[in-house]
Amino acid sequence: MAQQKAFSRDGEVSGQTVRSIVDGVAQFSSTYEDRALDILDNHGLPEPEEDDWYSWGAYIDAFEELADTVGPKTVTKIGSEIPGLVDWPPTVDSVEGGLAALDEQYQNTHRGDDIGYYDFEKTGDSGGVMESKNPYPAALDEGLLKATAEKFSGDGAFVRVEQTSDGEVTTFQISW
């Protein structure tokens, strides 16, 4: 299921990011949580702590194995949990602001050369396009984008995320 995109494996990922996959699958069952912890341990990431930094290459490998184990719907659910774990700047108070802030959040939890990015462009009153360049499956980004838009939609708007291209850069059409 997971597609590995070409990225440097020399970077680091925050413990908060590593913990997010454990917390995301734990909502389904303790069996999934135990499996996620086992996979992380098998890749040299035992008992991740939120304030520490870990090998990005090892994390990418672990995430790919977990994604293959749990399937795309669960990966989308993991992505949907991320906005609830993020310490958003107080200035973010709209869907557009939340989606535009994703790159800063990503850069704060990943470090090194060639780590990727998120780039949001608003294209109308209630829509926009997000370009995502990272090694994670599109299903994760889909959940992340939808939940971010829902989090900052003051009126509980219906949010639609549609993947419109895939490859080194994945593009999503977002409407709310």
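Two strands count as paired if DSSP finds at least two bridges between them. Helices (H or I, at least four residues) and strands (E, at least two) are DSSP runs, numbered from the N terminus. The model is predicted: local features need pLDDT of at least 70, side-chain atom pairs count only at pLDDT 80 or more, and totals for chains, interfaces and linings use all residues. Residues are numbered from 1 along each chain as its sequence is written, and side-chain values use heavy atoms, with hydrogens and water left out.

**Exercise 1.** Work out the order of the 3 strands in the open sheet, and which strands stand at its edges.

*Solution.*
- Step 1. The order is E2-E1-E3, with antiparallel pairing.
- Step 2. E2 (53-55) and E3 (110-111) each have a single partner strand, so one side of each lacks a neighbour in the sheet.
- Step 3. E1 (residues 12-14) joins E2 over 3 bridges in the antiparallel sense.
- Step 4. In this pair, Glu12 lies opposite Ser55 of E2.

**Exercise 2.** Find which strands helix H3 touches, and its angle to E2.

*Solution.*
- Step 1. Contact means heavy atoms within 4.5 Å.
- Step 2. H3 (residues 56-70) packs on the sheet and touches E1, E2 and E3.
- Step 3. The direction of H3 makes about 70 degrees with that of E2; axes are lines fitted to C-alpha atoms, for helices over the stretch in contact, and angles run from 0 to 180 degrees between N-to-C directions.

**Exercise 3.** State how many helices and strands the chain has, and what share of its residues is buried.

*Solution.*
- Step 1. There are 6 helices and 7 strands.
- Step 2. Buried residues (under 20% relative accessible area, 1.4 Å probe, protein chains only) make up 47% of the 176 in the chain.

Conventions. Buried means under 20% relative accessible area, exposed over 50%, partly exposed in between (1.4 Å probe, protein chains only).
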